[in-house]
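Take a look at the fold below.

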Amino acid sequence: KPDLLICDEPFSGLDMYIQEQLIRMLEERRRRDGFSVFFIGHDLSVLRWLSDVLGIIYAGLIVEEGPADKVSEEPWHPYTKALFLASDKVRVSGKSKEIPVVSEPPAASAKDRGCPYALNCKYSEARCYVETPGLYAYGERKIRCFLYAEDAEKIRDPRYRMGAQI
């Protein structure tokens, strides 16, 4: 009876029938025993379905985190949007219908300077190549992107609602 169960790619390599059985078993046990599950995976449709909170990582940094339904339906970070558009399994709303670049993270020596996604991001500007953005919080959402930095640094009314900048 764990408090936390960590599942690293628990569904990869399984056929759909076995995958569905495992998902149902985990959900049933989680509800019955009241433990949390930390899923690590690449199948965005399964992770969205199973998760309350979704965190997207690029080059070892969380670039976006928030309620799974909100992150998948309205991604704020350019990399998150690229992932969901590339997966072609989840409806994505937003200002741009163009599919952004999804590529491998930079080499370790390069990722210490600036935003690791800057080379692939159509929104990158000069500071993205020399500064690493912080993780800016807006209600239940967190985002690591300079597109959201200016408003994050201001004092906001608690009712302020940030939306996607892409």
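The protein has five helices and six strands. This is a predicted model. Along the sequence, the elements come in the order β-α-β-α-β-β-α-α-β-β-α. Of the 166 residues, 36% are buried. Now consider contacts between residues at least 6 apart in sequence: 44% of them join residues at least 24 apart. The exposed surface comes to about 10,200 Å², and carbon and sulfur atoms supply 52% of it.

Now go to helix α1, residues 16–33. How far apart should the ends of its 18 residues lie? At 1.5 Å a residue, the helix should span 26 Å. The C-alpha atoms at its ends are 25 Å apart, so the model agrees with that expectation.

Look at how α1 begins. Aspartate 15 places a side-chain oxygen within 3.0 Å of the backbone nitrogen of tyrosine 17. At the other end, glycine 34 follows the helix. The phi of glycine 34 is positive, near 70°.

Next, the sides of α1. Which of its residues are buried? They are Gln19, Ile23, Leu26 and Glu27. Viewed down the helix axis, the buried residues fall within an arc of 95°, so they line one face of α1. Buried here means under 20% relative accessible area. The cover over these residues includes strand β1 (4–8), strand β2 (36–40) and helix α2 (44–50). Turn to the other side of α1, and Tyr17, Arg24 and Arg32 are exposed.

Technical notes:
Residues are numbered from 1 along each chain as its sequence is written. This is a predicted model: local features need pLDDT of at least 70, side-chain atom pairs count only at pLDDT 80 or more; totals for chains, interfaces and linings use all residues. Side-chain values use heavy atoms; hydrogens and water are left out. Helices (H or I, at least four residues) and strands (E, at least two) are DSSP runs, numbered from the N terminus. The expected span of a helix is 1.5 Å times one less than its number of residues. Buried means under 20% relative accessible area, exposed over 50%, partly exposed in between (1.4 Å probe, protein chains only). The arc is that of the directions from the helix axis to the C-beta atoms. Contact means heavy atoms within 4.5 Å. A polar contact is a pair of N or O atoms within 3.5 Å; within protein, one must be able to donate a hydrogen and the other to accept it, and residues adjacent in sequence count only if both atoms are side-chain atoms. Accessible areas come from the Shrake-Rupley method with a 1.4 Å probe; for residues, only the protein chains shown count as cover.
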